[in-house]
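Please look over the sequence and the model shown here before reading on.

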Amino acid sequence: MKGYKKGIYKKEKSFAFKNKTIEKKCEICSKIFSDFISRKRKFCSQKCFHEYKKTLVGEKNKCFGKPHKLKGTAIHITKPCEICENDFKSKPSYKQRFCSTKCLKKYQGSNISRKIHSEGQIGEKGNNWKGGIEKESKRQRLTLNFKLWRESVFKRDDWKCQKCETRGGELHPHHILNFSSHTELRFIVENGITLCVECHKEFHHIFGRKNNTREQLLEFISYKKFL
């Protein structure tokens, strides 16, 4: 019995079965017409179909008894745009924040969206929160302010190491005055300089990681190795 049912299923799914035609009787004009066996067509033409729709009155209509909304009666509320601050109308269920696509593109191209996303991942809001066991200096290096400072330093130095003058690759933003001891200069562009990974390691190998000064940096940049 199972095999019989399986055979019927395969037959109905086959291409030859779907393209087989049979004769049907129109439910409006009683005209005989031919159609594919896989289709559920009940009428011979569009004219008969529209005649059938006219008979769907009262309880025969599937929308009978359901409330209908008239055009122009939808509820709207006024909201201020987050970019240009102009008021615009929107439905209460819509989470629309901008009055136009122009303001939306301004928001997406600015640092506002990055700042909101960054603030939503700080501290207990973050997915990797472990109870505040991480060091303060490491947390500061993961903030948006640090990322923007790093991008500004790279852009000013034309994405080039100021020691060996190699462009691109893996670059590091080096704090001229220490990151830990000079908290007020952490995100000042003038307190940063672009170095490649090797030159950055070489600088801290020579001068250490504490009490670094501008004179040490000038000495390091002007120093050349003679092989």
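This is a predicted model: local features need pLDDT of at least 70, side-chain atom pairs count only at pLDDT 80 or more; totals for chains, interfaces and linings use all residues.

Residues are numbered from 1 along each chain as its sequence is written, and side-chain values use heavy atoms, with hydrogens and water left out.

**Chain**

The chain holds nine helices and six strands; helices (H or I, at least four residues) and strands (E, at least two) are DSSP runs, numbered from the N terminus. Of its 227 residues, 22% are buried. Buried means under 20% relative accessible area, exposed over 50%, and partly exposed in between, with a 1.4 Å probe and protein chains only. Among contacts (heavy atoms within 4.5 Å) between residues at least 6 apart in sequence, 36% join residues at least 24 apart.

**Helices H8 and H9**

Two packed helices are described by the angle between their axes and the distance between the axes. For H8 (residues 197-207) and H9 (residues 214-222), the axes come within 11 Å and cross at roughly 120 degrees. Axes are lines fitted to C-alpha atoms, for helices over the stretch in contact, and angles run from 0 to 180 degrees between N-to-C directions. H8 and H9 are therefore oblique to each other; angles under 35 degrees count as roughly parallel, over 145 as roughly antiparallel, 65 to 115 as roughly perpendicular and the rest as oblique.

On the H8 side, Cys199, Glu202, Phe203, Ile206 and Phe207 meet Gln216, Leu217, Glu219 and Phe220 of H9. This contact has six nonpolar, one polar and two charged residues. Here Ala, Val, Leu, Ile, Met, Phe, Trp, Tyr, Cys and Pro count as nonpolar, Asp, Glu, Lys and Arg as charged, and the others, Gly among them, as polar.

Leaving aside neighbours within four places in sequence, Phe203 is in contact with His174, Gly208, Asn212, Gln216, Leu217 and Phe220. With the same exclusion, Gln216 touches Phe203, Phe207 and Asn211.

**Nonpolar core**

A nonpolar core is a set of buried Ala, Val, Leu, Ile, Met, Phe, Trp, Tyr and Cys residues joined through side-chain atoms within 4.5 Å. The largest one has eleven residues, including Phe154, Cys199, Phe203, Leu217 and Phe220. Strand S6 (192-196), H8 and H9 each give two or more residues to this core, and S6 supplies the largest share, three residues.

Phe154 lies in helix H7 (residues 144-156). Beyond its neighbours within four places in sequence, Phe154 is in contact with Trp159, Leu171, His172, Pro173 and Thr194. Phe154 and Gly192 are 38 residues apart in sequence, with a C-alpha to C-alpha distance of 9.2 Å.

**Single residues**

The table lists accessibility for residues from several parts of the chain.

| Residue | Relative accessibility | Class |
|---|---|---|
| Ser90 | 2% | buried |
| Phe154 | 11% | buried |
| Gln216 | 17% | buried |
| Glu85 | 64% | exposed |
| Asn211 | 64% | exposed |

Ser90 is placed in strand S4 (residues 87-90). Apart from neighbours within four places in sequence, Ser90 is in contact with His76, Ile77, Lys79 and Gln96.

Glu85 is in the loop between strand S3 (77-80) and S4, and its phi is near 65 degrees, a positive value in a residue other than glycine. Asn211 lies in the loop between H8 and H9, and its phi, also positive, is near 55 degrees.
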